[in-house]
Amino acid sequence: MSLKGKKVTLHDMSLRDGMHPKRHQISIEEMIKVASALDEAGVPMIEVTHGDGLGGASVNYGFPAHTDEEYLRAVRPVVKRAKLSALLLPGIGTVPELEMAADCGVDTIRVATHCTEADVSEQHIKKSVELGLDTVGFLMMSHKLDAQGLVEQARKMEGYGANCIYITDSAGYMLPEDVKERLSAVREALDDSVELGFHGHHNLAMGVANSVTAVEVGANRIDGSVAGAGAGAGNTPLEVFAAVCDRMGIETGVDLYKVMDVAEDIVYPMQDNPPRIDRDALTLGYAGVYSSFLLFAKRAEAKYNVSARAILVELGQRGMIGGQEDMIEDVALEMSRAASEAEAQVEPGDMA
Amino acid sequence: MNKVNVALIGSGNIGTDLLYKALRSDVINPVWMVGIDPDSEGLARARKLGLKTTHEGVDGLVPHMREDNIQICFDATSAYVHAENNRKVQEQGSMMIDLTPAAIGPYCVPPVNLKDHVGKKEMNVNMVTCGGQATIPIVAAVSRVQPVEYGEIVATVASKSAGPGTRKNIDEFTQTTSGAVERIGGAKKGKAIIILNPAEPPLIMRDTVHCITEGEPDQQAITDSIMGMIKEVQKYVPGYTLKNGPVFDGRRVSVFMEVEGLGDFLPKFAGNLDIMTAAGLRTAEMFAEEILNGTLVLEPTKA
């Protein structure tokens, strides 16, 4: 299928999803530097929020270096051409925080729920629409629901007033076939005026391929992140996807060399936990586990001497979803206790 | 034995579960159940259990309150109608236990502040939220040992146990709970997070409490205080269980709880709903004991 001439809007995640590998410690100066460089490179949409969205500042997800408001107010004046967006997860963020973001001048609010729980987004989507903002419904962990289920959930968000629906592969689990099946069904079901987006993670190295498939079946907004900066093995690397689009004749409007330079000269040097497909990130993608769990599992491994991979697999088996970071320490404590009990049973004294 | 006559307003899941629990009480006698739908299963079930019922809402109850000596009402309807329900039953001399998020009366978390409310003869108390009932006792257990600079709770409930009302206005949960973590739990700053998890079979309610203490936490005193508090909650919610912790990490104290319901009417995994009905009943029982021994005399309020 030729996609020549198709227009796609790229949305950069490095200052939101990219907060995860930075443990939410990006400085105001770095935010301004990256955001203005992305704007200059023609990236049309830039997200700036705590990694877990507005109100994510917490023991559970990590306290950021600065508040959402400080970041947004600092970045807004330097983003001249691009739309600025903020993420909100109902149950974590609230309407007053959404109103604060609107007051800071964001153009777009993205309301994210677990893929089966779209009805918790009603009050936030309606508020965003009421404020006249570009409003996106964002269905996370979409690999855990089939196409028909996603259609129902997407229609709810559309019904509340969202003008764009995202299918989000939070675990980086999907393969191109999964993307094709889900996004084509949702595209078919939504009104033509409603946009369709895809947000990928690169845990199985499928970020770019999945995004291309998404475009093939009708998505016109694609999330990526310069230098891949995002949770797990990172997001679809934006500059790579932009290059692939260029080769395929898909029009993104970004200046490829400039965006490559943002990655190389600004974002790579900022990274202290560079996203890569190590065994734990690969486990996220293989077992279908929320990408933001990665560093928490690594920290639990160091503290409790339990394998991060084993923790992540166990979290997957228990059906843990986005936001349940508290269960990582809980699982690690249980595994560590089980291990010491097993050890106690084989004390040399007992062998006599 | 003497019992205090009560009416249950709301014939849905919460009202019905509360009824099953109230029927076992030594001091509470459920007499009326109030609904708004003549075909309500909840009302039919209540009739079978020997209760008087009306499908005409609180207006159907009011004319009978004096003759049936209804002294306590539970409101398990919605925040929108609670104020009106409250006004009507208080005119008839009944106190109100509010299980809706309306919160026009003070918050009540039984092991933390129920005695104060009984002492002050409060005529309307609010049961906060499910997450609040499950976590505020733990925050209070820490803050009674030493000042808590910040208290955060993460409540995870099975998707099946979260009804449309909760979903439509999920901010009400986060805002009410975080406020009560401060006011009742004693944290200087509170934060609440709720997660709805759709796993099958449904997960039992989980609640994680993180406190940041002012100064180094007194580990032994905090651990003892938490263990004591858990025993207090277990008196009315036997399935309130410490899964892990307390974990001490610098000034952070984390406690990992599980709340399994009794399975009276609601399924056992819905510990979030069970802890609300159990706390509501516990509150009613304590007021009832005061009414029965004569220390609390309820009087009708003027409209």
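What covers the buried residues of H7(A)? In this predicted model, the cover includes helix H6 (176-189), strand E7 (195-199), strand E8 (221-224) and helix H8 (238-248), each of chain A. Helix H7 itself spans residues 207-216 of chain A, and eight of its 10 residues are buried. These are A:Gly207, A:Val208, A:Asn210, A:Ser211, A:Val212, A:Thr213, A:Ala214 and A:Val215. After H7(A) comes A:Gly218, with a positive phi near 115°.

**Helix pairs**

Two packed helices are described by the angle between their axes and the distance between the axes.

| Helix pair | Angle | Axis distance |
|---|---|---|
| H3 (residues 95-103) and H4 (residues 122-130), chain A | about 25° | 10 Å |
| H1 (residues 13-22) and H10 (residues 271-292), chain B | about 50° | 9 Å |

Angles under 35 degrees count as roughly parallel, and H3(A) and H4(A) are therefore roughly parallel to each other. H3(A) passes H4(A) in a right-handed crossing. On the H3(A) side the contact is made by A:Val95, A:Leu98 and A:Glu99, and on the H4(A) side by A:Gln123, A:His124, A:Lys127 and A:Ser128. By residue class, this contact holds two nonpolar, three polar and two charged residues.

In chain B, helices H1(B) and H10(B) pack at about 50°, which makes H1(B) oblique to H10(B). The crossing of H1(B) past H10(B) is right-handed. H1(B) contributes B:Ile14, B:Asp17, B:Leu18, B:Lys21 and B:Ala22, while H10(B) contributes B:Leu273, B:Asp274, B:Thr277, B:Ala278 and B:Leu281. Six residues of this contact are nonpolar, one is polar and three are charged.

**Contact between the chains**

The size of an interface is often given as the accessible area lost when the parts come together. For chain B and chain A the buried area is about 2700 Å², with 49% of it on carbon and sulfur atoms. The contact involves 32 residues of chain B and 38 residues of chain A. Within chain B, the residues that lose the most area to chain A are B:Arg167, B:Asp171 and B:Asn244, together 20% of what that side buries.

B:Lys243 belongs to strand E10 (residues 240-249) of chain B. Leaving out residues up to four places away in sequence, B:Lys243 touches A:Asp330, A:Glu334 and A:Arg337 of chain A, and B:Arg206, B:Phe256, B:Met257 and B:Glu258 of chain B. With a relative accessibility of 29%, B:Lys243 counts as partly exposed. From B:Lys243 to B:Ser161 the separation is 82 residues in sequence and 21 Å in space, C-alpha to C-alpha.

**Backbone geometry**

Strand E10 of chain B also contains B:Pro246, which is joined to B:Gly245 by a cis peptide bond with omega of about 0°. Another cis peptide bond links B:Glu200 and B:Pro201, where omega is about -10°. B:Pro201 sits in the loop between strand E8 (187-197) and strand E9 (205-213) of chain B.

Positive phi values also occur in residues other than glycine. A:Met141 has a phi of about 55° and lies in the loop between strand E5 (134-140) and helix H5 (147-160) of chain A. A:Met141 counts as buried because its relative accessibility is 0%. B:Lys121 has a phi near 55° and is found in the loop between helix H5 (110-119) and strand E6 (124-126) of chain B. With a relative accessible area of 44%, B:Lys121 is partly exposed.

Conventions: Residues are numbered from 1 along each chain as its sequence is written. Chains are lettered from A and ligands numbered from 1 in the order in which they are written. This is a predicted model: local features need pLDDT of at least 70, side-chain atom pairs count only at pLDDT 80 or more; totals for chains, interfaces and linings use all residues. Side-chain values use heavy atoms; hydrogens and water are left out. Axes are lines fitted to C-alpha atoms, for helices over the stretch in contact, and angles run from 0 to 180 degrees between N-to-C directions. Helices (H or I, at least four residues) and strands (E, at least two) are DSSP runs, numbered from the N terminus. Angles under 35 degrees count as roughly parallel, over 145 as roughly antiparallel, 65 to 115 as roughly perpendicular and the rest as oblique. A crossing is left-handed if the near helix is turned anticlockwise from the far one by less than a right angle, and right-handed if clockwise. Contact means heavy atoms within 4.5 Å. Ala, Val, Leu, Ile, Met, Phe, Trp, Tyr, Cys and Pro count as nonpolar, Asp, Glu, Lys and Arg as charged, and the others, Gly among them, as polar. Buried means under 20% relative accessible area, exposed over 50%, partly exposed in between (1.4 Å probe, protein chains only). Buried area is the accessible area (1.4 Å probe) that two parts lose on being put together, summed over both.
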